[in-house]
Amino acid sequence: MPDIKFVIFDMDLVLYDYDHQIRLKLLEELTGRPAADIDCSVWGGPHENAAEAGDPATADAYLEQFARLLEFPIDFETWADVRRQMMRPRRDVLSLVRRLKATADIALLTNNGMLLKDALPICAPETVEIFGEKAHVSAEFGARKPDPLVFERICGRYGYGPEESAFVDDRAENIVGAQNAGLKGHHYVTADGLGTFLRTCRLI
């Protein structure tokens, strides 16, 4: 039997291509504000990191904050559609994750606020199909990667010790955070590299 029983995956730039510039262009077209101003207002301050750690604590509060920073009224459907258009599923990686379900428990953990949790069926339906109720945003755990606490909390929720768990992310600092919590980490670069890691762990 494999030593690793629980594998946690990041979403953006692991399971999906992710292009922030597409989002900025769409928001510029929607609002008439320059993309650089939007980027500075919405993502240039402390708000997004705080949201990823659970403040605001609800999807509605996040959307209200987003609209205020955007300086434009935006509804859930529009926000979710913009997020959908900036993403493309990586079919080869998603195929590996589907195979992995036969030998390990799996979960999704993306640094995001609560609004994305509600929007996953629209912008990333594959995550709902594959992970089900175990598709999580960091805000649910009151901490964001690379804080070791978020890894401890997601493992604890599903009854796994860190030593039984692995984490896959495209950011090296997030891997270090997972390793500091006791998990085995894989710094994602390519689907082939991920496959090698999973085989080394005797998971596929």
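**Close-up 1. Residue classes in the lining of the largest pocket.** The lining of the largest pocket divides into 12 charged, 7 polar and 4 nonpolar residues. The model shown here and in the other views is predicted. The pocket holds about 520 Å³ of space.

**Close-up 2. Centre of the largest pocket.** In total, 23 residues line this pocket. Nearest its centre lie Tyr18, Glu52, Asn111, Arg144 and Arg171.

Close-up 3. Three helices, α1 (20-31), α3 (47-52) and α10 (172-180), each supply at least two residues of the lining of the largest pocket. The most comes from α3, which gives 3 residues.

**Close-up 4. Helix α1 from end to end.** α1 is built from 12 residues. From first C-alpha to last, α1 reaches 16 Å. That is close to the 16 Å expected at 1.5 Å a residue.

Close-up 5. Buried in α1 are His20, Arg23, Leu24, Leu26, Leu27 and Thr31. Seen down the axis of α1, these buried residues fall within an arc of 165°, so they line one face of the helix. An α-helix has 3.6 residues a turn, so residues three or four places apart point the same way. Gln21 and Glu29, on the other side of α1, are exposed.

Methods. Residues are numbered from 1 along each chain as its sequence is written. This is a predicted model: local features need pLDDT of at least 70, side-chain atom pairs count only at pLDDT 80 or more; totals for chains, interfaces and linings use all residues. Side-chain values use heavy atoms; hydrogens and water are left out. On a 1 Å grid over the protein atoms alone, a cavity is a set of points where a 1.4 Å probe fits but cannot get out, and a pocket is an open set with protein on both sides within 12 Å along at least five of seven lines; lining residues have an atom within 4 Å of a point. Grid points are joined across faces, edges and corners, and a volume is the space filled by probe spheres set on the points. Helices (H or I, at least four residues) and strands (E, at least two) are DSSP runs, numbered from the N terminus. Ala, Val, Leu, Ile, Met, Phe, Trp, Tyr, Cys and Pro count as nonpolar, Asp, Glu, Lys and Arg as charged, and the others, Gly among them, as polar. The expected span of a helix is 1.5 Å times one less than its number of residues. Buried means under 20% relative accessible area, exposed over 50%, partly exposed in between (1.4 Å probe, protein chains only). The arc is that of the directions from the helix axis to the C-beta atoms.
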